[in-house]
Amino acid sequence: MKRKVLSTILAVSMVATMVVGCGGGSTQTEAPAADAGTEAPAEGGDNAQAEAPAPVAADKEGGKVGVAMPTQSSERWIKDGGNMKEKLEAMGYEVDLQYAEDDVQMQVSQIENMIAAEADCLVIAAVDSGALTTVEAQAKEAGIPIIAYDRLLMDTDAVSYYASFDNEGVGTAIGEYIKTAKDLDAAKAAGESYTIEFFMGSPDDNNAVLLHKGVMGVLQPYLDDGTLVCKTGRTSFDETCILRWSQETAQQWCENYLTGFYADEDLDIACTAFDGFAYGVKAALQGAGYTADNWPLVTGQDAELMACKNILDGTQTASIFKDTGLLADKCVTMVEAVMKGSEPEINDTTTYDNNVVVVPSYLCTPVAVDKTNLEEVVVDSGYYTAADLGL
Ligand code: GAL
C-alpha cells in the first residue's frame, strides 16, 4: 500500500440500495433490433440465430426431469440441486438429480443414463460447457429438450433456454465494489496506489469470461493509470483463470504471489471471482502472517454461508449474492414451457450466443453484499436464518 486512504471499510451505501433478487429489468419476449448494442460473449457466433430450434416435449403431464449438476464440492450447487428437485417434485415431476464431482466424463455418463432412462427434459449445469456436444445431440435426436442452468451450454443447437444471472453484471458489481470501497478516484487524484491481484473463474465456463470482462470494464482504467498496481502483471483472463474454479489452486497461487511479489509491500486487494477462491486466499494470507491490521479487501461470488460468516468476521470483505431459489423458480418455468408448450418469462434474447444459436435467457440480478447490508439481503430475504449466520 502506498499512502493508503481511510475509506477502505466505509462501504458502499450503493450496495444497500441495490435490488434484491431476480428481475428488475423489463421483460422482453421478442428479439430487439439487430443494432441493439448488446454483445455476444463468445467468438464465432456469426451464424447465430435468435431462436434455438431445440425439441419441445409439449403437453406432458408429470414426466421425468434429469438434473445434472457439476459438483457437491461447493455449497451453492448443493443448494441449487436441492431447490430444483424440491420444486419440480412439488409440481409432480419425477427427478433424477446427479452430481458429477467436476469430472467431465462422469457428467457425460450421467446424461447418457438420463437419456437411456427416457427423461422428458434435461436441466444441465455443465462441468465443462463445451464438452457435452455429443450427448446433447443424442438428447436432441431423442426429442429431449435441454435447459442450461446458470452455465451456458456452448457449441450446440440442442439447448432451448438458459436461466442464469447477469454474468458480466457480476463482474461489474465486483469492480464497482472495489472502486467505491477503496475510493479509487480519490486515490488517483492524491497520487496514491493500491496493489491488487486477480483470481478469475474457469476457462471452460462462459460465465468466467463475462465476469472478467465486467471486472476489467471498471478496473482497467485504474490499472492503466497506475492507481492499481498488479505486481505479478497477471491481469488478462488467460493469465488469471483457474481451471474448474479450484480453491486449492487459488490458495497456491496466492501463496506464490505473496512470497514472490509481496515480501516488502502488502497486498491491498484480492479480486476473486468466487467464494471458494476467497477461502483459498484467506488461508494463504493467514499463512503469510496477515492480520486484521493489514488484511486486504477480498471479494467473492455466491454468498455461500461460510463466505457470509467470513464477511462478518472480517476475513472476506464482500461477495455477490445470487439467489439460487429464485434461479430455480425461473428454471422450473422453463421446464414447464418445454413440457407443456407454455411460454416461460425471458428477459434476454441477444446476449447468450453459444457459437451456434443465441439462447433465449432469463437473467436474475446479482447483488453485492458486505458487512453493511449482509443481514438485510440474505436474512431478510429468508435465504439464511440469523442463526445460520450466528447472529
Ligand atoms: C460459475 C457460477 C459462479 C460460481 C462458479 C463456481 O459458473 O457463475 O456463481 O458458482 O461457477 O461454482
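Reader: What volume does the largest cavity have?
Author: This is a predicted model. A search of the whole structure turns up one cavity of 30 Å³ or more. The volume of the largest cavity is about 40 Å³.

Reader: Which element gives the largest share of the lining of the largest cavity?
Author: The lining is made up of Ile174, Tyr177, Thr299, Gly300, Ala318, Ser319, Ile320 and Ala368. Two elements give two or more residues to it: helix 5 (167-181) and strand 10 (318-321). The largest share is three residues, and it comes from strand 10.

Reader: How many residues of the lining of the largest cavity are charged?
Author: Take the lining by class. Five residues are nonpolar and three are polar. The number of charged residues is given as no charged.

Reader: Are helix 5 and helix 7 roughly parallel or roughly antiparallel to each other?
Author: The axes of helix 5 and helix 7 (residues 206-224) come within 6 Å. They cross at roughly 30 degrees. Angles under 35 degrees count as roughly parallel. Helix 5 and helix 7 are therefore roughly parallel.

Reader: Is the crossing of helix 5 and helix 7 left-handed or right-handed, and which residues of helix 7 make the contact?
Author: The crossing of helix 5 and helix 7 is right-handed. On the helix 5 side, the contact includes Asn167, Val170, Ile174 and Ile178. On the helix 7 side, the contact is made by Asn207, Leu210, Leu211, Lys213, Gly214, Val215, Val218, Leu219 and Tyr222.

Reader: How many residues in the contact of helix 5 with helix 7 are nonpolar?
Author: Sort this contact by class. Six residues are polar and four are charged. The nonpolar residues number nine.

Reader: How are helix 2 and helix 12 set to each other?
Author: Helix 2 (residues 75-90) and helix 12 (residues 324-340) have axes 9 Å apart. Their packing angle is about 45 degrees. Helix 2 and helix 12 are therefore oblique.

Reader: Is the crossing of helix 2 and helix 12 left-handed or right-handed?
Author: Helix 2 brings Arg76, Lys79, Asp80, Asn83, Met84, Lys87 and Leu88 to the contact. By class, the contact of helix 2 with helix 12 has seven nonpolar, three polar and five charged residues. The crossing of helix 2 and helix 12 is right-handed.

Reader: How are helix 10 and helix 11 set to each other?
Author: Helix 10 (residues 275-287) and helix 11 (residues 305-313) pack with axes 10 Å apart. The angle is about 50 degrees. Helix 10 and helix 11 are therefore oblique.

Reader: Which residues of helix 11 does helix 10 meet, and is the crossing left-handed or right-handed?
Author: Helix 10 uses Asp275, Tyr279 and Lys282 to meet Met306, Ala307, Asn310 and Asp313 in helix 11. The residues of this contact divide into three nonpolar, one polar and three charged. The crossing of helix 10 and helix 11 is left-handed.

Definitions and conventions. Residues numbered from 1 in each chain as written. Predicted model: local features only at pLDDT ≥ 70, side-chain atom pairs only at ≥ 80, totals over all residues. Heavy atoms only, no water. Axes fitted to C-alpha atoms, helices over the stretch in contact; angles between N-to-C directions. Helix = DSSP H or I, 4+ residues; strand = E, 2+ residues; numbered from the N terminus. Parallel < 35°, antiparallel > 145°, perpendicular 65-115°, else oblique. Left-handed = near helix turned anticlockwise from the far one by under 90°. Contact = heavy atoms within 4.5 Å. Nonpolar A, V, L, I, M, F, W, Y, C, P; charged D, E, K, R; others polar. 1 Å grid on protein atoms, 1.4 Å probe; cavity = no way out; pocket = protein on both sides within 12 Å on 5 of 7 lines; lining within 4 Å. Points joined across faces, edges and corners; volume = space filled by probe spheres on them.
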